[in-house]
Amino acid sequence: MAIYTKEEARKILEKALSFSKADTCEINLSGYNSGNIRYARNTVSTSGFSSNQSLAVQSSFGKKSGTATIDEFDDASLEKVVRRAEELANLSPENPEFMEPLGPQMYDESISFSEATANITPEYRAEVASSSIIPADAKDVTAAGFLNDSAGFSAMINSKGLFAYNQSTDVDFTVTMRTNDGTGSGWVSRDFNDVTKFDADEAAKTAIDKAVLSREAKAIEPGKYTVILEPAASSDLLRNMFRSLDARSADEGRSFMSGKDGANKLGEKIVDERVNIWSDPLNPEVPTATWNGEGQPLKKTTWLENGAVKNLAYDRFWAKEKGVDPVPFPTNVIMAGGDASLEDLIKSTKKGILVTRLWYIRSVDPQTLLYTGLTRDGTFYIENGKIKYPVKNFRFNESPIIMLNNLETLGKQVRINGNLIPYMKVRDFTFTSLSDAV
């Protein structure tokens, strides 16, 4: 049994902390139960279940710290791991950026746990696999997918009086459908905290339909095209932009957010004014824990407002150096969307490309956030408001900053990888060459 209640976790942590002789001590306890099923070639290949828990102690003497972990929680084991952390601390050099643990904090009540997800059974996992395999076989398509569900907790305590606790659940699903003639491929990804929001039949149908529709793709000339980016495609580029919302790398001249003469771009308008991005641990569609690994409370925070940089993340050390309040890095990202469905965006497009997803993305220029990569698993030519035919995959060279400055239409939001990202129609997206890969 890896999931401890708040009271059970507190009891273990307080016992461990009672053994500490260090100047400061921080202890983290976590555990999870996780199940999965994997299938390929229309056949289940593996399934399994794992349960684990771990306790980590960080002891500090002045600015010297040591960390030790253990997965046994009897009194003798707890004392042993605390002593080990203290031994390592005494052997360590001083950390010039050491920050003492926080004192007691107030946290919002998290909504990241779903009982339904925690109670997923092996039979349910088999039904999800079946919902892909049976319809795929009927359409002369081969399915390969993976479902993973987990329920877990995390808790922390320190010698300054802080205690934090959170439970969470997740279910992640991906499936790739390949036509048996080898010319078509479709793909979907779904993730939720609450499994009751997951429709396995819908997900499988979407991937199958794309696979069938993408058979015998035609080659068209690379160039600049209006594109409709599904959230799975745009999120890969946006994720790299989100990473640059770090004040220290910006202040030190190491990122796109760096300004002139040691300044950063805080307050500058960098993208289309319709772009609004924030994080919110209490958003019901993408809830997260309401505290981070340092025990800092996480609140709703705006990052881009009307296209301008509203906030950058400041860790506690860099905030102290700059004389500002710390701003924790987000645990989810939410981008405002519109009312348009994917079908609406297609109907409004005279000539363009629909992109399901991107992959093999690599950085070309960190200072401009220019990236290269390939389209994959369903790329289609649109003409006069309809999908005309599938096209061969492209290599692209594009920056999410340029992409968000060339924004034409924002569509409905979709959850992808724990974030909420809208469909987007973007003009002048740069495709540089063709790829024969399906």
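Me: Tyrosine 39, buried or exposed?
Reply: Tyrosine 39 is buried, with a relative accessible area of 1%. Buried here means under 20% relative accessible area, exposed means over 50%, and partly exposed is in between (1.4 Å probe, protein chains only).

Me: What kind of model is this, and how are residues numbered?
Reply: It's a predicted model, where local features need pLDDT of at least 70 and side-chain atom pairs count only at pLDDT 80 or more, while totals for chains, interfaces and linings use all residues. Residues are numbered from 1 along each chain as its sequence is written, and side-chain values use heavy atoms, with hydrogens and water left out.

Me: OK, back to tyrosine 39. Where is it found?
Reply: Tyrosine 39 is in strand β1, residues 24-40. Helices (H or I, at least four residues) and strands (E, at least two) are DSSP runs, numbered from the N terminus.

Me: And what is tyrosine 39 in contact with?
Reply: Leaving aside neighbours within four places in sequence, the list for tyrosine 39 includes Val44, Val128, Ala129, Ser132, Phe146 and Phe173. Contact means heavy atoms within 4.5 Å. The C-alpha atoms of tyrosine 39 and alanine 129 are separated by 7.0 Å, although the two are 90 residues apart along the chain.

Me: Which side chain does tyrosine 39 make a polar contact with?
Reply: That's serine 132, at 2.8 Å, side chain to side chain. A polar contact is a pair of N or O atoms within 3.5 Å; within protein, one must be able to donate a hydrogen and the other to accept it, and residues adjacent in sequence count only if both atoms are side-chain atoms.

Me: Which residues of α4 are buried, then?
Reply: Arg125, Val128, Ala129, Ser131, Ser132, Ile133 and Ala136 are buried in α4. The cover over the buried residues of α4 includes β1, β2 (43-61), β4 (141-158), β5 (163-179) and α5 (200-213).

Me: How far apart are the end C-alpha atoms of α4?
Reply: They're 24 Å apart, which agrees with the 24 Å that the 17 residues of α4 (residues 122-138) should span at 1.5 Å a residue. The expected span is 1.5 Å times one less than the number of residues in the helix. Just after α4, aspartate 140 takes a positive phi of about 60 degrees.

Me: Where do aspartate 261 and aspartate 377 sit, since each has a positive value of phi?
Reply: Aspartate 261, with phi near 55 degrees, is in the loop between α7 (247-251) and β8 (277-279). Aspartate 377, with phi near 60 degrees, is in strand β13, residues 370-383. Aspartate 261 is exposed at 85% relative accessible area, whereas aspartate 377 is buried at 1%.

Me: New topic. What domains does the assignment give?
Reply: The chain gets domain 1 (6-211) and domain 2 (218-438), with bounds that come from an automatic or database domain assignment. The contact takes 37 residues from domain 1 and 35 residues from domain 2.

Me: What area is buried between domain 1 and domain 2?
Reply: About 2,800 Å², and carbon and sulfur atoms give 53% of that. Buried area is the accessible area (1.4 Å probe) that two parts lose on being put together, summed over both. Met99, Trp187 and Lys210 supply 22% of the area that domain 1 buries against domain 2, more than any other three residues.

Me: What does UniProt list for residues 222-432?
Reply: The unreviewed UniProt entry has "domain: Metalloprotease TldD/E C-terminal" there. UniProt positions are in the numbering used here, feature names are shortened, and annotations may be inferred rather than shown by experiment. In the model, residues 222-432 are 18% helix and 39% strand.

Me: Last one: what does the side chain of asparagine 193 make a polar contact with?
Reply: It's the side chain of arginine 415, at 2.7 Å. Asparagine 193 is found in the loop between β6 (185-192) and α5, and counts as buried at 7% relative accessibility.
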